[in-house]
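Hello,

Please find the structure below, as promised. My notes on it follow.

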Amino acid sequence: MRDAMKFVAVDLGASSGRLMVGAWDGRRFALEELHRFANGGVSVRGSVEWDVLRLWQEIQTGLMRFKARYGDEPAGIAVDAWGVDFGLLDKHGRMLGNPTCYRDPRTNGIPEKVFARVSEAEIFAATGVQTMQINTLFQLAAMAMTDDPRLECAETLLMIPDLLSYFLCGEKQVEYTEASTTQMYRLGVQGRPGGWDREMLRRVGVPERILPRVVAPGTVLGEAGGDVLEMCGFAQAFPVIAVASHDTASAVASIPGLDAESAFISSGTWSLMGVELDAPVTSERARELGFTNEGGCGGSTLLMRNLTGLWILQECVRQWEKEGRSCGWDELAAEAQAAEAFRSLIVPSAAAFQAPGNMLEAIRGYCRAGGQAAPETMGEFARCCFESLSLAYWSTLEGLRALTGADIRTIRVVGGGCLNRFLCQMTADACSCTVVSGPAEASALGNVMLQAVAVGAIEDIAAGRASLGESLELVTYEPRGGDGWDGARARYG
């Protein structure tokens, strides 16, 4: 790694963050963890906020560790993070308080008030984004409707990764894939250019003056500022790059072999399943089916459905631990494999499973209400969760085929969930598709690869994906016929 080009990927999730070093030797990538830290919303007098200055401090700590370990400057640094949340700057470039977390209750009831001014169908036709009350549009509308003084004083809005890039180099710009998560960005289609949907925002009452220029993934924003160099001990400046700053888009960028006959699943606490397209699908049918369009790399669009992923089983594990029973993921998979198949099925997106709490009781209650046998043992609960999630993937796959007409035969799974062999095999069986799993560190690898493209070390994204394919060990799962899946698909939903 010492003789290779080294890029720093700042990869932020809602519960943790890390700085990774990606090395490019001219043929293959290698990835190494540099610094890991906790993250999470902080509750203060009824509101939930992000401690973004602590995140900034952790980034500086990671850069100091890079300097101590390698002795020189990185070839580049870039930030990817979750979507929808933002910070506001005043005319002097100072933050107007902590960014508010998407879990804050201020957006309760706001979508209905927005749709009284502009219909949901009209907004979807323009932005292609699925309605979720956490979206940036509704956060800003809530501020405008309550005369929040921060909005009146604001001059610039920056999404979370763009805010941290601003701290690094002083440039105030929003990257395209992040902009596309806001439900305020009009996607380009049929010769119509993309851009902030200013007319819609005026009707909603959101001030358009705060919206900065949108830049494409792979844009070199500038060089790390002198204060950063001095704090972290670097002698020379290095580039700060806007990659696919939405972590899902970076994860998809890392997938080798993603083609017109492939779907992807970014699998973790939440699952995002979709396809990579040349243009968005903004039909009324797409809206009814709960799909969303978000920006990808190289001008692509990601047509996806947001699914409740391993969250339900994670909450079951948390409840078992509260009751004094501990279990690991390997044990859960073994217990699930031994349990009766298709005894209990749930719809993971049901409202009963979205809030923290006693998930065991939530599953029991759901099953009993539907006339099913309720799971009782650890294996029965785990099997219920794995089978139900696999069936949610099958249902989404059917929607993707209907909307695109694509003959999808391969599902490429990335993220932490790709390491769960039992779930990957179930996904292959439920969907009657080949499943290819890996990489697990998808968002960080996509971040690093796009940096290498931005500085000219790799020709383009296609070449970068091919190099990642040579760098990774991928696992393939073939579907097994029978085993009751036909009956389960008929029961699901």
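In which hand of crossing does α12 pass α15? The crossing is right-handed, where right-handed means that the near helix is turned clockwise from the far one by less than a right angle, and left-handed that it is turned anticlockwise.

Some conventions before the rest. This is a predicted model, in which local features need pLDDT of at least 70 and side-chain atom pairs count only at pLDDT 80 or more, while totals for chains, interfaces and linings use all residues. Residues are numbered from 1 along each chain as its sequence is written, and side-chain values use heavy atoms, with hydrogens and water left out. Helices (H or I, at least four residues) and strands (E, at least two) are DSSP runs, numbered from the N terminus.

Helix packing

Helix α12 (residues 311-322) packs against helix α15 (residues 378-404) at an angle of about 160°, and their axes are 9 Å apart. Axes here are lines fitted to C-alpha atoms, for helices over the stretch in contact, and angles run from 0 to 180 degrees between N-to-C directions. α12 and α15 are therefore roughly antiparallel to each other (angles under 35 degrees count as roughly parallel, over 145 as roughly antiparallel, 65 to 115 as roughly perpendicular and the rest as oblique). In contact (heavy atoms within 4.5 Å) are I312, L313 and W320 of α12 with M378, F381, A382, C385 and F386 of α15. By class, this contact of α12 with α15 has eight nonpolar residues, no polar and no charged ones. The classes are nonpolar for Ala, Val, Leu, Ile, Met, Phe, Trp, Tyr, Cys and Pro, charged for Asp, Glu, Lys and Arg, and polar for the others, Gly among them.

α12 also packs with helix α14 (residues 359-369), at an angle of about 120° and with the axes 8 Å apart, so α12 and α14 are oblique to each other. The α12 side consists of W311, I312, E315, C316, Q319 and W320, and the α14 side of M359, L360 and I363. The contact of α12 with α14 has seven nonpolar, one polar and one charged residues.

Helix α13 (residues 329-338) meets α15 at an angle of about 90°, with their axes 7 Å apart. That makes α13 roughly perpendicular to α15. W329, E331, L332, A333, E335, A336 and Q337 in α13 meet α15 residues M378, G379, A382, R383 and F386. The division by class is seven nonpolar, two polar and three charged.

Cores

A nonpolar core is a set of buried Ala, Val, Leu, Ile, Met, Phe, Trp, Tyr and Cys residues joined through side-chain atoms within 4.5 Å; buried means under 20% relative accessible area, exposed over 50%, and partly exposed in between (1.4 Å probe, protein chains only). The largest has 72 residues, and L12, L63, L88, L137, L140 and L164 have the most contacts inside it. A second, separate core of 65 residues includes C316, V347, L389 and C424.

Backbone points to check

Most residues other than glycine have a negative phi, and most peptide bonds are trans. R45, in the loop between β4 (42-44) and β5 (47-49), has a positive phi of about 45° although it is not a glycine. R45 is exposed, with a relative accessible area of 85%. V84, in the loop between β6 (76-80) and β7 (86-89), has a positive phi of about 70°, and V84 is buried at a relative accessible area of 9%. A cis peptide bond joins G438 and P439, with omega about 5°; P439 lies in the loop between β20 (434-437) and α17 (442-454).

Regards
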